[in-house]
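My plan is to look up a few local features and write down each one briefly.

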Amino acid sequence: MASVDTGTESVDPLDPSETNDAPPRDPIGAKENRVIWLLLAAAFVAILNETTMGVAIPHLIGDLDITAVAAQWLTTAFMLTMAVVIPTTGFLLNRFSTRAMFVTAMGLFSAGTLIAVLAPGFEVLVVARVVQASGTAIMMPLLMTTLMTVVPPHLRGRMMGRMSVVISLAPAIGPTMAGIVLDTLSWRWIFAIVLPIALIALVAGIRWIPNIGERTHAPLDVVSVVLSALGFGGLVFGLSQIGGDHGGTSSPDASGASTVTLVIALAIGVVALALFVWRQLALQKVDDALLDLRIFRSGNFSLSVAHFAVMSLAFFGTITALPLYLQGTLRMSATESGLAVLPGALAMGLLGPVIGRIYDQRGTRVLLLPGTIIVLAVLWGFTTLTESTPVWIIVVAQTLFSVGLAMSFTPLFTASLGSLPPRFYSYGSATVSTVQQVAGAAGIALLITIMSSVGAAAAQAGTEAHAAGAAGARAAFLLAAIIATPLLISAFFIRKPADAIEDAPPAH
């Protein structure tokens, strides 16, 4: 096949005025709207399920008579599966029809959920989580690719705003829902509540999802699949081992073994990922790459993805560390801590479409710069937490943090994928989803490890338990704030792509 040159000059034209000068186009039709809403609902349910397990683990340890280390595999196996499957979705979405991919995704997710409801023991429940994750991994890239394909450029902001509702609201609501369910019902109901919704989405998709875009017939490169699995899977597994001992209670021998495991996993991940990149660079010359890396020739795409990676690190690290601080230091219950962060989640969800409209009208900088400033201000504010910080201050700060993220995610999604020609949408979507998984795993690992180790050191030095917990929280958020501060610079350079790119053929 002839190679396609997607250099920055042809795929990353920047609009200095960040205005939409293209003539208005017809709004998307009823059929396309129905498809978008169905995909949004399916993705919301899948991601909501992904975030419920952390709260359920203490209950599962008792109900299934397993150790805390074994129970962590219910989240680790899910993350590993996501990390392995997502990088392949760029190829899959080009190779197979939209309907086939949706049915596969929701079919796997529904089957995994049913297995979880009926699971007789721990081993079967782990299998159920792997099957669920296989479907979830397909859903987000499918949603992003479909949005970019059916929505005209001047409406993409508001549609991506809807998607930001899914990517931000679901992870925040999941723990709250799980806490309420576990306080009144058994852990099986977490899956039982989701199952009928998933089945309805599956049936609706079989009936209504059309096939969108053109299909390719490139062969599947098995070596690339193996390298991708070892690379991304090794990184995510290694990172999960860094943050695995939340309580810092492992014995010295177990801690040493865990250190060796994470070093080996990270080393395998880095080497395999380097080989994966090398192979993709070779295969993309004949358009046979599993993940076409020519997308990074767009400077706007690359910068947007880098900004999004750091934002994801801060987001997932914070929504994991903050409930631990609320429960461990401020002595709140799991349900109470979930309710404390709920206003922020609701604000984030409600603002998504509004921010999308502003993006369509005004461009990137008017949202991304103040959004970044708000996120940084809250992270630096969290570095002052104590064991007596009023809960209302946490609620207000978390809500502002969520508003800042909402102002950032929608412009980043739209500007990154909009910088690519249509034939590269699936690869861009796969890359954004992969970055989210790896950065999220890194954020959780870094913040929880710092929080646990600093808190444990303070306690050993004689600090009262709750004050030691607060010291750990301050250290964790200090790290997040330092890592995120350079975003103030990148926010100035990410721009809204010119609409003309969507209709121009790629340069040869």
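**Entry 1: buried residues in helices**

I need one cut-off before I start: a residue counts as buried when its relative accessible area is under 20%. I also note that this is a predicted model.

I looked up glycine 135 first. Is glycine 135 buried or exposed? Its relative accessibility is 1%, so glycine 135 counts as buried. Glycine 135 belongs to helix H8. I then checked a partner from elsewhere in the chain. Valine 85 is 50 residues away along the chain, and its C-alpha atom is 9.0 Å from that of glycine 135.

Next came alanine 170. I found alanine 170 in helix H9, which covers residues 156–184. Its relative accessible area is 0%, so alanine 170 is buried. How far apart are the C-alpha atoms of alanine 170 and phenylalanine 44? I read 6.0 Å, although 126 residues separate the two along the chain.

Then I turned to alanine 201. This residue is in helix H10, residues 188–208. With 8% relative accessibility, alanine 201 counts as buried.

**Entry 2: two helix pairs**

I went back to H8 and looked at H7. Helix H7 spans residues 98–118 and helix H8 spans residues 122–150. Their axes come within 7 Å and cross at roughly 155°. Why do I call H7 roughly antiparallel to H8? Angles over 145 degrees count as roughly antiparallel, so the crossing angle puts H7 and H8 in that class. The crossing of H7 past H8 is left-handed. I sorted the residues of this contact by class and got 16 nonpolar, nine polar and no charged.

Helix H13 covers residues 299–328, and helix H16 covers residues 391–418. Here the axes come within 10 Å, again with a crossing at roughly 155°. H13 and H16 are therefore roughly antiparallel to each other. H13 passes H16 in a left-handed crossing. How many charged residues does the contact of H13 with H16 have? I found no charged residues there, with 18 nonpolar and seven polar.

**Entry 3: aromatic rings**

I turned to ring pairs. A pair of aromatic rings is described by two things, the distance of the centres and the angle of the planes. Planes over 60 degrees apart count as edge-to-face. I counted 10 aromatic pairs in the model. One of them joins phenylalanine 296 and phenylalanine 301. I checked how open each partner is. Phenylalanine 296 is partly exposed, at 38% relative accessible area. Phenylalanine 301 is buried, at 0%.

I also looked up phenylalanine 315 and phenylalanine 316. Their ring centres lie 5.0 Å apart with the planes at 65°, so this pair is edge-to-face. Both phenylalanine 315 and phenylalanine 316 are buried. Which residues form one aromatic cluster with them? I listed Phe308, Phe409 and Phe413 alongside Phe315 and Phe316.

**Entry 4: charges over rings**

I searched for charged ends above rings. Arginine 95 lies over the face of phenylalanine 96, 5.6 Å from the ring centre. I noted lysine 496 too. The charged end of lysine 496 sits over the ring of tyrosine 359, and the distance to the ring centre is 5.4 Å.

**Entry 5: positive phi in loops**

Last, I looked at backbone angles. Aspartate 65 has a positive phi, near 55°, and is a residue other than glycine. Where is aspartate 65? I found it in the loop between helix H3 (53–63) and helix H4 (68–71). Its relative accessibility is 70%, so aspartate 65 counts as exposed.

Arginine 331 is another residue other than glycine with a positive phi, near 60°. I placed arginine 331 in the loop between H13 and helix H14 (334–362). Is arginine 331 buried or exposed? Arginine 331 is exposed, with a relative accessible area of 59%.

How values were computed:
Residues numbered from 1 in each chain as written. Predicted model: local features only at pLDDT ≥ 70, side-chain atom pairs only at ≥ 80, totals over all residues. Heavy atoms only, no water. Phe/Tyr/Trp six-rings, centres within 6.5 Å; stacked < 30°, edge-to-face > 60°. Buried < 20%, exposed > 50% of the residue type's maximum accessible area, 1.4 Å probe, protein only. Lys NZ or Arg CZ within 6 Å of the ring centre and 35° of its normal. Axes fitted to C-alpha atoms, helices over the stretch in contact; angles between N-to-C directions. Helix = DSSP H or I, 4+ residues; strand = E, 2+ residues; numbered from the N terminus. Parallel < 35°, antiparallel > 145°, perpendicular 65-115°, else oblique. Left-handed = near helix turned anticlockwise from the far one by under 90°. Nonpolar A, V, L, I, M, F, W, Y, C, P; charged D, E, K, R; others polar.
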